[in-house]
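Here are some notes to read beside the structure. Please keep the model open and find each part as it comes up.

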Amino acid sequence: MSRQRVSSWGRLSDDEHEIVPITSASAAPEILAATAPGVARGMERSYGDVALNRGGTLWDARGLNRFLGFDAETGILTCEPGVLLRDIQATFSRQGWMLAVTPGTSVVTVAGAVANDVHGKNHSTRGTFADHVVSLTLVRTDGTVIVCGPSENRDWFEATCGGLGLTGLIVSVTLRLKRVPGPWLLAENIAYQSLPEFFSLSDESEAEFEHVVSWIDITTDGGRRGILSRANSTPSPHRSLPRGAAGVGATRGGPTVPFVPPFSLVNKVTLPALNRAYYRLQHRSLGSAVVHYKPFFYPLDAIQEWNRAYGPNGFFQHQCVLPRSVGLEAVSEILGLVAASGQGSFLGVLKTLGSRTPIGMLSYPQEGVNLTIDFPNLGASTLALLSRLDDVVAQAGGRLYLAKDARMPVSLFQAGYPRYAEFLKYKDPGMSSEMSRRLLGS
């Protein structure tokens with residue numbers, strides 16, 4: 001056990017925690033009972049406070065990172081909770097298998113992906129991470145061990161997938177990987193000049209492409225231009241792998257933001273220029289090309305510690321999903337508010353989510369349009385802007401992504417996640433985080 005200062009990816013706080021290593025699944029019950037309340041520590045890629053417990057315990061199971069079994073015929077993989085998505089992709093893509101669903105960073109543990117029920121650029125066709133979990137094993141702070149899955153203890157499975165690490169400590173996960181021809185994608189970039197054009201392109205793309213996502217310029221008074229990217233897996237046997245892509249842990253390296261600047265590098269002065277530059281850069285790559293999965297799935301993983309660029313006060317991410325029926329109007333209103341404020345970043349992401357009902361009681365996706373924008377933390381002015389954006393989300397009947405949140409009001413949480421009261425029946429009383437106390441009361 002040691003005391004360490006811990007921040008989430010948004011770097012909005014930096015508080016001491018008691019770090020308790022979990023060295024084996026068999027030791028977990030005794031350790032949990034002796035050190036509760038607490039919450040599991042992952043790779044600190046959640047942006048807000050879902051995996052923080054200021055002054056309290058963080059159970060660090062990142063050392064439990066072994067593959068426990070793999071069936072090369074079915075793609076069924078069993079692993080420990082601390083295995084990184086990066087290592088699954090690097091190891092099994094060479095054997096013709098990859099994760100069916102992966103978020104925008106590969107530096108995430110399997111347990112973290114389950115606890116936040118992450119989604120990717122293919123929600124319309126593949127759903128969320130939980131849709132591909134065969135079973136998992138939980139250890140509760142009272143020593144109870146629960147094995148659950150889609151057909152076994154289904155209620156515990158629904159509470160745990162997207163359950164923010166609050167139903168128990170995940171000590172093993174069995175996943176179903178997706179058969180692929182290799183690590184390559186045939187990708188196409190298309191420019192658009194309006195939100196209606198984005199929706200039309202997105203609908204057209206989802207009929208033929210598995211992966212669809214777009215970058216949008218948030219500075220153009222309501223979002224009038226962007227780049228839509230779409231891709232399918234493709235064989236490319238004559239290509240060599242990119243440097244460092246051949247093995248476990250292969251995405252380490254690359255440029256790093258070496259220190260925290262004294263102010264945010266993304267500000268009113270640089271924001272329009274950064275968006276123009278990013279648009280021009282992306283515009284050069286219009287058309288089709290065969291690309292490795294890394295730059296398509298995980299473009300930001302190429303720059304280590306990029307979160308430092310927002311300066312000493314960190315940044316908020318506002319990620320919301322809005323019902324499709326009002327999506328055009330609501331997205332336009334949000335982008336108008338953002339453009340008028342002069343806040344934001346050059347990392348606006350717009351994509352649609354499919355109609356599949358998520359498994360988890362607190363899973364984020366719902367059918368509609370997903371909008372993601374980063375905001376340097378400027379204090380009261382940023383919080384006031386985010387509150388206005390919340391009002392648009394609430395009026396539209398949308399919800400915010402808990403994995404990215406650090407300040408959502410309880411009323412918006414309860415409106416967006418109507419199964420929260422049902423979830424409380426499965427919450428481990430020995431599990432507690434900054435977010436759970438803020439939104440769930442304990």
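**Notes on the predicted model**

1. Begin with a pair of helices. Helix H6 (residues 195-206) packs against helix H9 (residues 324-341) at an angle of about 140°, and their axes are 11 Å apart. This is a predicted model. Angles over 145 degrees count as roughly antiparallel, and 65 to 115 as roughly perpendicular. H6 and H9 are therefore oblique to each other. Their crossing is right-handed. On the H6 side, the contact is made by Leu195, Pro196, Phe199 and Asp203. On the H9 side, Arg324, Gly327, Leu328, Val331, Ser332 and Leu335 take part. By class, six residues of this contact are nonpolar, two are polar and two are charged.

2. H9 has another helix to consider. The axes of H9 and helix H10 (residues 380-396) come within 10 Å and cross at roughly 170°. H9 and H10 are therefore roughly antiparallel to each other. From H9, the contact uses Val326, Ala330, Glu333, Ile334, Leu337, Val338 and Ser341. From H10, it uses Leu385, Arg388, Leu389, Val392, Val393 and Ala396. The residues of the contact of H9 with H10 divide into ten nonpolar, one polar and two charged.

3. Next comes a sheet. Five strands form an open sheet in the order S5-S6-S10-S8-S9, with antiparallel pairing. S5 and S6 pair in the antiparallel sense over four bridges.

4. H2 lies across S5, S6 and S10, and runs at about 40° to S5. Are the residues of helix H2 (residues 85-92) buried or exposed? Eight of its eight residues are buried, and the helix is mostly covered. The buried residues include charged Arg86 and Asp87, and also Leu85, Ile88 and Phe92. Among the elements that cover the buried residues of H2 are strand S5 (67-71), strand S6 (76-79) and strand S10 (169-176). The cover also includes strand S7 (97-98), helix H3 (110-115) and helix H8 (293-297).

5. Leu84 is worth a separate look. Its place is in the loop between S6 and H2. Buried means a relative accessible area under 20%. Leu84 has a relative accessible area of 8%, so it is buried. Leaving aside neighbours within four places in sequence, Leu84 is in contact with Met43, Ser106, Val108 and Thr109. The C-alpha atoms of Leu84 and Phe346 are separated by 27 Å, and these two residues are 262 apart along the chain.

6. Strand S14 (residues 226-233) pairs with two other strands named here. Eight bridges join strand S12 (residues 184-192) to S14, and the two run antiparallel. Within this pairing, Asn189 stands opposite Ser229 in S14. Strand S13 (residues 211-216) is joined to S14 by six bridges, again antiparallel. Here Ser214 stands opposite Leu228 in S14. Why is S14 largely enclosed by the rest of the structure? Six of its eight residues are buried, so the strand is largely enclosed.

7. The last point concerns the backbone. Most residues other than glycine have a negative phi, and most peptide bonds are trans. The peptide bond from Ala36 to Pro37 is cis, with omega near 5°. Pro37 is found in the loop between helix H1 (28-35) and strand S3 (38-41). Arg11 has a positive phi, near 55°. Its place is in the loop between strand S1 (2-6) and strand S2 (15-21), and it is partly exposed, with a relative accessible area of 22%. Asn153 also has a positive phi, near 50°. Asn153 is found in the loop between strand S9 (145-148) and helix H5 (154-160). With a relative accessible area of 39%, Asn153 is partly exposed.

Definitions and conventions
Residues are numbered from 1 along each chain as its sequence is written. This is a predicted model: local features need pLDDT of at least 70, side-chain atom pairs count only at pLDDT 80 or more; totals for chains, interfaces and linings use all residues. Side-chain values use heavy atoms; hydrogens and water are left out. Buried means under 20% relative accessible area, exposed over 50%, partly exposed in between (1.4 Å probe, protein chains only). Two strands pair if DSSP finds at least two bridges between them. Axes are lines fitted to C-alpha atoms, for helices over the stretch in contact, and angles run from 0 to 180 degrees between N-to-C directions. Angles under 35 degrees count as roughly parallel, over 145 as roughly antiparallel, 65 to 115 as roughly perpendicular and the rest as oblique. A crossing is left-handed if the near helix is turned anticlockwise from the far one by less than a right angle, and right-handed if clockwise. Contact means heavy atoms within 4.5 Å.
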